[in-house]
Amino acid sequence: MQGKRILLIVGGGVAAYKSLEFVRCLKERGASVRAILTKGGAEFVTPLSLSVLTEEKALTDLFDLKDEAEIGHIRLAREADLVVVAPATADLLAKMAHGLADDLATAVLLATDKQVLAVPAMNVRMWEHPATRRNMATLRADGIAFVGPEEGEMACGEYGLGRMAEPEAILAAIERFFGEKPVATSLRARGMPLYGRKVLITSGPTQEPIDPVRYIANRSSGKQGHALARAAAELGAEVTLVSGPVTLPDPEGVKVVRVDTAHEMLAATLAALPADIAICAAAVADWRAADEALQKLKKQPDGSGPSLKLAANPDILATIAKPSENRPRLVVGFAAETENLIENAKGKRLRKGADWIVANDVWPGTGAMGGDRTQVHLITSAGVEDWPPMSKDEMAARLLARAADALSQIRSAAE
Ligand code: CTP
């Protein structure tokens, strides 16, 4: 973090006091910090304490002409390497989601072209309110990254999701953003959105033997599935990756089970249950040779080829999505289609019993198959979300953040 410029926006919540400790940790790691307080933020921590800790004047007012002339909110917004909003109150998130810019903090958030990392903190009912849910979905779709909130006792005496993440968890997210190794893994994991959760991911193709030297397979590279496993681990989950044959390295901090065939993939997947989230990203071969030849098939003297009888493979996604004691609370499938993308994907969601389907166009011209980028549509019971084109890593991070959020909703609904 040495030499990185962090612009910290402090919203008006009780958790604002944590921002002081957070600034101290950032400075310790060599970052330079500039702080902006909202009006509410300045009720909880003084601009003076933030100025002392950041060694820069803490700013509050868009209409402070002197600072406007010297700095300019556009320049402030652009000069940072990363903008962190902590605490991000329900009000501040609502303003961000709607593009309001009526003070310096929100004007900077609207003007910035840099990544924004928000650290929500609010009462559990405010967090669960449909308006906040909508705002969070909008902000996620806009590419805002989030850390927390955590579950626990609140200043208002209630218990639930809404506590601001601890400084270590925020620092870990920043380190990941700058591509740095985390300082302390154990500290990092606690307070992460998927800490204590089990995530199961299938990835890659399967290979179905025809004879000892030949097999049926497909063009899947495993890049998307492996990116999902990495993203889940980065959010603190305990991850099992069941992978078909790929040339990719094993993701760090993930348990990898290597398989060849669809039958082996099914067995390994069932053995990895129970899990909280299952994401089936593998391109499982739909068929296998009905009678695998024990010896290499030979050419016939008349030059005719052998006729291959195929048998259907088990559907792993449909198997684990069936209602049962072991069904993961969130089951996500992929639909790789070359035509009628949305309709086929919607049908697949219902037919296979998945909660969500990630639909992507794999028409050869898109470069999605084997490439590093993807463009997907997320199909849920609520409808279809069109996500912009992005890298497979970004897609994975966004999907896992959504899954963590959904899991917290399922849990609070069950309580
Ligand atoms: N899938 C699976 N097991 C299979 C086939 C597919 O778990 N035997 C999962 C994939 O991992 C993916 C989803 O099902 O999450 C959709 O796979 P896809 O190949 O697109 O669909 P199919 O079931 O093969 O349907 P179709 O061939 O009609 O497109």
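## How α1 packs against α10

In this predicted model, helix α1 and helix α10 make a right-handed crossing. Helix α10 covers residues 167-177, and its axis sits 10 Å from that of α1, at an angle of about 45 degrees. That angle makes the pair oblique, because it falls in neither the roughly parallel nor the roughly perpendicular range.

Who does the touching here? On the α1 side, the contact uses Lys18, Glu21, Phe22 and Cys25, and α10 answers with Pro167, Ile170 and Leu171. Sorted by class, this contact of α1 with α10 comes out at 5 nonpolar and 2 charged residues, with no polar ones.

## α1 again, this time with α3

Helix α1 (residues 18-28) has another partner in helix α3 (residues 47-54): the two axes come within 9 Å and cross at roughly 15 degrees. Angles under 35 degrees count as roughly parallel, so α1 and α3 get that label. As for handedness, α1 passes α3 in a right-handed crossing.

The residues that α1 brings to this one are Leu20, Val23, Arg24 and Lys27, and they meet Ser49, Leu50, Leu53 and Thr54 of α3. The class tally for the contact of α1 with α3 reads 4 nonpolar, 2 polar and 2 charged.

## The α6 and α9 pair

Next up is helix α6 (residues 90-98), which packs with helix α9 (residues 130-141) at about 50 degrees, the axes being 9 Å apart. With an angle like that, α6 is therefore oblique to α9. Here the crossing is left-handed.

Helix α6 puts in Ala90, Leu93, Ala94, Met96 and Ala97, while α9 supplies Ala131, Thr132, Asn135, Met136, Thr138 and Leu139. How do these residues divide by class? The contact of α6 with α9 has 8 nonpolar and 3 polar residues, and no charged ones.

A few spots in the backbone deserve a look. As a reminder, most peptide bonds are trans, and most residues other than glycine have a negative phi. Against that background, the peptide bond from Ala86 to Pro87 is cis, with omega near -5 degrees. Pro87 belongs to strand β3, which runs over residues 82-88.

The bond from Gly148 to Pro149 is cis too, with omega near 5 degrees. Where does Pro149 sit? You'll find Pro149 in the loop between β5 (145-146) and β6 (150-153).

Then there's Glu55, which isn't a glycine but still has a positive phi of about 60 degrees. Glu55 is in the loop that links α3 to α4 (65-70).

## Around the ligand

Which residues come nearest to the ligand? Out of 15 residues around the ligand, the nearest are Cys280, Val284, Ile316, Leu317 and Gly333. Two elements, α14 (316-321) and β16 (330-337), each give two or more residues to this shell.

Strand β16 has the largest share of the shell, with 4 residues. By class, the shell around the ligand holds 9 nonpolar, 3 polar and 3 charged residues.

Terms used:
Residues numbered from 1 in each chain as written. Predicted model: local features only at pLDDT ≥ 70, side-chain atom pairs only at ≥ 80, totals over all residues. Near = placed C-beta within 6 Å. Nonpolar A, V, L, I, M, F, W, Y, C, P; charged D, E, K, R; others polar. Axes fitted to C-alpha atoms, helices over the stretch in contact; angles between N-to-C directions. Parallel < 35°, antiparallel > 145°, perpendicular 65-115°, else oblique. Left-handed = near helix turned anticlockwise from the far one by under 90°. Contact = placed C-beta atoms within 7 Å.
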